[in-house]
Amino acid sequence: MSTAQTSSSPEAAALPARRRVLFNRQRLASLVVWIAFACYVIPLAIAQPQFISFYNIISILMLISVYALIGFGEGVVVLSGGIDLSVGSIVGLAGVVAAVILTGHSGVGWCLVAIGGGVLAGVLIGAFNGIAVALLNIPSFVATLGTLSIALGIGYVFSAGQQISIDNDPFLNISINAYLGIPIPIYIMFIVFLLLWLVLAKTRFGRYIYAVGGNIQAAFVAGLPIRRVLISAFVISGGLSGLAGVLLAAQITAGIASTGSGYELTAIAAPVIGGISLAGGRGSIAGALFGVILLGTIDNGLTILNVSPFYQHIIRGFIIILAVFLDTIASRRKLV
């Protein structure tokens, strides 16, 4: 279990007044992010009208579709009180698995098998993470750091360290075809978002996720299936990362083991920027969507302004630090 999980104070759960203060601080932190976002977008839209054109908005959504799927899964894990650092390697592994399956095969049938294979690879890595955390009591940071390396290594083994080209037309059409001018990956992103939102907001499993992440000791006393909840959270994260890897492989027409390296940074940053607390138990999956849209919009705007990619990395880093700082302020119980 993570330190954040075990440090949740039982007395905080027993005092509604404190919870209200924490909730209000969380809302204030989210409001600050929204205001900063508006201060960035509005002047840019006035100065560069193409920034808010339909084509550019679609470009932003297409760009973030892969990041969003990873961010959604990461958001579920963070809500449960953990963290998943293996998502980037799972993206690469899933793409390689799909590419290996498609080698020498054509047609819709093999396309579906490749998609299933890539997602299954992510689910298996996610289940491994969940078992390590829930049954072996290995901190999620350590467990997923290990599987980050394991998944990357498996990807290199499957691909023999080489890029595997994909020429299966139905598979490649996933990233090419569009309906009503909107590419398929964008539809997939919003469908997954809607399903996750329903699960977290309307089901017993969703309430368990928040309960375990908010106060794991109270959840244990209440008799909740903590281990099953934690394993499920990591399976969701792994499966969505696998799906993201499949979509990315379709976009770049190849399976490359290292293609997802560094994605874990965005995956963690997006939910936090969107208001999901790193301490667990607070926030919503809509926050993860907002966070990834914010990051994608900022990247796109900086590109339109011809800002060097080197400076974009610096700006992105400061944004992430600011988001974590605001989350820390909102979660600081000792000042309540």
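Helix α4, which spans residues 54-79, bends by about 45° at S65; the bend at a residue is the angle between axes fitted to the seven residues ending there and the seven starting there. Helices (H or I, at least four residues) and strands (E, at least two) are DSSP runs, numbered from the N terminus. The model is predicted, with pLDDT of at least 70 needed for local features and 80 or more for side-chain atom pairs, while totals for chains, interfaces and linings use all residues. Residues are numbered from 1 along each chain as its sequence is written, and side-chain values use heavy atoms, with hydrogens and water left out.

Of the 26 residues of α4, 20 are buried, so the helix is largely enclosed by the rest of the structure. Here, buried means under 20% relative accessible area, exposed over 50% and partly exposed in between, with a 1.4 Å probe and protein chains only. Helix α4 is followed by G81, whose phi is positive, near 95°.

The secondary structure of the protein comes to 15 helices and four strands. Of its 336 residues, 49% are buried. The protein exposes about 15200 Å², of which carbon and sulfur atoms supply 71%; accessible areas come from the Shrake-Rupley method with a 1.4 Å probe, and for residues only the protein chains shown count as cover. Among contacts (heavy atoms within 4.5 Å) between residues at least 6 apart in sequence, 80% join residues at least 24 apart.

A nonpolar core is a set of buried Ala, Val, Leu, Ile, Met, Phe, Trp, Tyr and Cys residues joined through side-chain atoms within 4.5 Å. The largest such core holds 83 residues, of which I70, F72, F171, M189, I273, I285 and L294 touch the most other members. Helix α4 gives the most to this core, with 14 residues. Apart from this core lies another, of six residues, including I90, L93, V97 and I125. When neighbours within four places in sequence are left aside, I273 is in contact with V33, F290, G291, L294, L295, I319 and A323.

Two aromatic pairs are present in the structure. Rings of Phe, Tyr and Trp (its six-membered ring) pair if their centres lie within 6.5 Å; planes under 30 degrees apart count as stacked, over 60 as edge-to-face and the rest as tilted. In one of the pairs, the ring centres of F72 and F193 are 5.9 Å apart and the planes stand at 40°, so the pair is tilted. Because F72 lies in helix α4 and F193 in helix α9 (residues 184-202), the pair ties together parts that are 121 residues apart in sequence. F72 is buried, at 0% relative accessibility, and F193 is also buried, with a relative accessible area of 16%.

Helix α12 (226-252) has 27 residues, which at 1.5 Å a residue should span 39 Å; the end C-alpha atoms are 39 Å apart, in agreement. The expected span is 1.5 Å times one less than the number of residues in the helix. Of the 27 residues of α12, 19 are buried, so this helix is largely enclosed by the rest of the structure.

Just after α12, T253 takes a positive phi of about 55°, although T253 is not a glycine. T253 is found in the loop between α12 and β4 (254-255) and is partly exposed, with a relative accessible area of 36%. A positive phi, near 55°, is likewise found at A160, a residue other than glycine. A160 lies in the loop between α7 (140-159) and β1 (164-165) and is exposed, with a relative accessible area of 59%.
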